[in-house]
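Thanks, everyone, for making the time this morning.

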Amino acid sequence: MCIVFGLVKQKDFTDEAKFFLSLMGRKPTLEQLRGFIAAADNQSFAVAAKAVNKTPAAISMQMRQLEEIVRADLFVRGAKKATLTSAGEILLAYAREMLVLEGEALYSVRYRNKPALRVGILEIHMDLLAHALRDFHIARPEVRIEVVTASTAMLAQMLKDGALDVAAGIRGRQINGKLLSTLSVQWVSRSSRELWRRRPMPVALFSPGSVARTHAVTALQRAQIEYVCLHESSTLNGIIAAVNAGVVVSAIPSQSVNDTFRVLDSRDGFPKIEPLEVVLATNRQNNSAELEEFCAILAEVFDANELA
């Protein structure tokens with residue numbers, strides 16, 4: 001689109017251009033839009049007036065002013081309720097967006113210097129984190145959240161370096177804290193492949209130093225199963241990708257087992273694996289009320305999931 005500024009005669013304008021020029025002098029105010037949204041949601045000027053703390057007469061006048069500005073009827077006014085016209089429905093969508101933008105602008109300015117709450121979590125717990133974030137936002141809508149998903153080793157290091165305020169990882173020498181949940185672990189392989197019969201058996205293991213790897217190797221050695229590590233990953237998705245490829249056997253949390261996997265147990269000669277403990281650790285340099293409240297909410301979400 002090319003816009004050229006210059007002196008033109010009024011007759012050169014199309015009707016559409018005249019309309020938009022006429023709007024330049026009069027624009028809806030945010031106060032009018034709040035009243036409009038309240039009237040649209042409640043289908044009543046009287047109820048809308050209570051919602052925005054105005055008189056019904058004031059709301060009625062605001063709506064007529066809006067209709068004059070947009071040059072369209074916004075409501076079908078009945079004896080008991082006022083319903084939106086097609087023009088009103090169009091304006092409603094924009095009005096909501098404008099008020100959202102207003103809120104975002106005010107938030108950005110007011111809290112521009114307030115540090116974010118930095119949260120680290122394992123990828124397997126992203127669904128639980130979503131519930132915690134929702135509940136926390138209701139309680140503390142002004143707090144910004146920064147989320148990092150990584151291995152326990154990386155989360156522990158970030159917590160130590162002060163790059164995180166709280167982290168939920170697997171209990172071990174790298175991280176310790178309040179117990180959130182216990183993850184049972186199962187041996188799995190691709191259903192279509194009998195890799196578990198091979199010796200040495202090809203396996204996928206978590207990165208060296210991880211508790212999950214230690215538990216898996218200990219179980220294999222206890223059962224005297226010869227193995228060769230063909231794949232390593234610091235993430236659960238990396239391990240699952242290798243199993244899905246049909247080239248390895250591995251040990252993963254039970255909640256990540258899907259229908260394409262064959263679960264291997266004592267009937268197949270596989271030993272049980274020690275479960276993993278998920279703990280919540282915090283940065284001791286941050287003792288804010290926001291952090292304490294977030295930790296409490298996250299713990300509640302984990303507790304509810306354990307009971308489900």
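I will begin with confidence, then take the sheets, the cores and the aromatic pairs in turn.

Please keep in mind throughout that this is a predicted model. The protein chain averages a pLDDT of 89, and 91% of the residues score at least 70. Over residues 1-13, however, the pLDDT is below 50, and beyond near neighbours in sequence this stretch has four contacts in the model.

Let me turn to the sheets. One of them is an open sheet of five strands with mixed pairing, and if you follow its strands across you will read the order β4-β3-β5-β12-β6. At its edges stand β4, which covers 145-149, and β6, each with a single partner strand, so one side of each is left without a neighbour in the sheet. From one strand to the next, the twist in this sheet averages 20°. Within the sheet, strand β3, residues 117-121, runs parallel to strand β5, residues 166-170, and three bridges join the two. To find your place there, look for Ile121, which stands opposite Ala168 in β5. Packed on this sheet is α10, which touches β3, β5, β6 and β12, and whose direction makes about 30° with that of β6.

Is Ser181 buried or exposed? With a relative accessible area of 5%, and with under 20% as the cut-off for the term, Ser181 counts as buried. Setting aside residues up to four places away in sequence, Ser181 touches His125, Leu276, Glu277, Val278, Phe302 and Glu306.

There is another open sheet of five strands, again with mixed pairing, and here the order is β9-β8-β10-β7-β11. Its edge strands are β9, residues 227-233, and β11, each of which pairs on one side only. In this sheet the twist averages 40° from one strand to the next. Strand β8, residues 201-206, and β9 run parallel and are joined by six bridges, and within that pairing Met201 stands opposite Tyr227 in β9.

Which helices pack on this sheet? One is helix α8, residues 211-222, which touches β7, β8, β9 and β10 and whose direction makes about 150° with that of β8. Another is helix α9, residues 236-244, which touches β7, β8, β9, β10 and β11, its direction making about 140° with that of β10. The buried residues of α9 are Leu236, Gly238, Ile239, Ile240, Ala242 and Val243, and these pack against β7, β8, β9, β10 and β11. Just after α9 you will come to Gly246, which takes a positive phi of about 75°.

The largest nonpolar core holds 65 residues, of which Trp187, Met201, Val249, Phe270 and Phe294 touch the most other members. Helix α10, residues 289-307, gives the most to this core, with eight residues. There is also a second, separate core of 19 residues, which includes Ala39, Phe75, Leu91 and Leu99. Coming back to Met201, its contacts, leaving aside neighbours within four places in sequence, include Leu195, Trp196, Leu220, Val249 and Phe270.

Finally, the aromatic residues: a search of the whole structure finds four aromatic pairs. In one of them, the rings of Phe36 and Phe75 have their centres 5.6 Å apart and their planes at 70°, so the pair is edge-to-face. Phe36 lies in helix α2, residues 30-42, and Phe75 in strand β1, residues 75-77, so this pair ties together parts that are 39 residues apart in sequence. Both Phe36 and Phe75 are buried, and ring pairs link Phe36, Phe45 and Phe75 into a cluster.

Trp187 and Phe270 also form an aromatic pair, this one tilted, at 5.6 Å centre to centre with 50° between the planes. Trp187 lies in strand β7, residues 185-190, while Phe270 lies in the loop between β11 and β12, so the pair ties together parts that are 83 residues apart in sequence. Both Trp187 and Phe270 are buried.

Note on methods: Residues numbered from 1 in each chain as written. Predicted model: local features only at pLDDT ≥ 70, side-chain atom pairs only at ≥ 80, totals over all residues. Heavy atoms only, no water. Core = buried A, V, L, I, M, F, W, Y, C linked by side-chain atoms within 4.5 Å. Buried < 20%, exposed > 50% of the residue type's maximum accessible area, 1.4 Å probe, protein only. Helix = DSSP H or I, 4+ residues; strand = E, 2+ residues; numbered from the N terminus. Contact = heavy atoms within 4.5 Å. Phe/Tyr/Trp six-rings, centres within 6.5 Å; stacked < 30°, edge-to-face > 60°. Pairing = 2+ DSSP bridges. Axes fitted to C-alpha atoms, helices over the stretch in contact; angles between N-to-C directions. pLDDT = per-residue confidence, 0-100.
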